[in-house]
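Student: Could you walk me through this model before I start on my own notes? I'd like to begin with how its surface is worked out.

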Amino acid sequence: MIFFTLEHILTHVSLSVVSIVITIYLMNLLVHEIVGLYNSSEKGMVATFLCITGLLVIRWIYSGHVPLSDLYESLMFLSWSFSIIHMVPYFRNKKNYLNAITAPSAIFTQGFATSGLLTEMHQSTILVPALQSQWLMMHVSMMVLSYAALLCGSLLSVALLVITFRKNISIFGKYKNNNLQIGPFSFGEIQYVNEIRNVLQIQNNCFISFINYHRYQLIQQLDCWSSRVISLGFIFLTIGILSGAVWANEAWGSYWNWDPKETWAFITWTIFAIYLHTRTNENLQGSNSAIVASIGFFIIWICYFGVNLLGIGLHSYGSFALTSN
């Protein structure tokens, strides 16, 4: 009973803290960045990470197994993974664009796990014989960590595409007609107006060039961070699939069964292998590789969450269908 109470408290504390962090980020977007608020938000994510860590440890102690056996536990571990990815640049004293993605992702997954799932799904149950293996921690943890990294990297690619294809907005406006009507104006007045127009156009072009330069820098940074995070996630995904194959051979007597989960995991691996291949060609880097990563974003959700909606196959543990029964 004590463990259950502590888990309940830590769940709501972490959800409340990350909600405050999101509010601080929105305030920084509306106004100029305030150093004090930024530091508070980063410390809030550290507190969220500690709360979720304590929650998982407590659940591990009273359940007797690693908390990765059902949908609720995997969602909480996914939120914990987002927190880890968020804190790595923070402890390296580097500001980046991951915090704008990891914090909302953490609150989305944790909020859905806490409020979106039935209360019965929060309760820890005895593992089925197929899950009573040492491979549970290795396989599932690597898969969930890969989902977190790949989702973050894919969202960075989506942001890159949005910025790349967004049209330039001229602040000073455009002149629809370059021909001035003479009318009642004298030649000197017309010449003066033309000079003013030329000065405004030069200022306008300089301003647009300044914006385009900073946008180019932003695109390059997003592309770099997206590539790094996706590369890390791809390594985790590869380890997870290989360890899952070994585990499947021990549990079911076959390394690969073309189960729906296995099939979509293979599709996910193929998509991001194509992404990494496009990174080796300079002509395909940037928006082209970002399109592949954006497709991978939806594939990940189908692999992780969509298959659970079906409740079929060898990986149906913790699905909605089984839980509702």
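Tutor: Accessible areas come from the Shrake-Rupley method with a 1.4 Å probe, and for residues only the protein chains shown count as cover. On that basis the accessible surface of the protein is about 18000 Å², with 68% of it belonging to carbon and sulfur atoms. This is a predicted model, in which local features need pLDDT of at least 70, side-chain atom pairs count only at pLDDT 80 or more, and totals for chains, interfaces and linings use all residues. Residues are numbered from 1 along each chain as its sequence is written, and side-chain values use heavy atoms, with hydrogens and water left out.

Student: OK, and how many helices and strands are there in the protein?

Tutor: Taking DSSP runs numbered from the N terminus (H or I of at least four residues for helices, E of at least two for strands), the protein has nine helices and zero strands.

Student: What about α5, is it buried or exposed?

Tutor: Helix α5 is largely enclosed by the rest of the structure, because 22 of its 30 residues are buried, where buried means under 20% relative accessible area, exposed over 50%, and partly exposed in between (1.4 Å probe, protein chains only). Helix α5 covers residues 135-164 and reaches 43 Å from its first C-alpha to its last, close to the 44 Å expected, that span being 1.5 Å times one less than the number of residues.

Student: Switching topic, how many disulfides are there?

Tutor: The count is zero, a disulfide being a pair of cysteine sulfur atoms within 2.5 Å.
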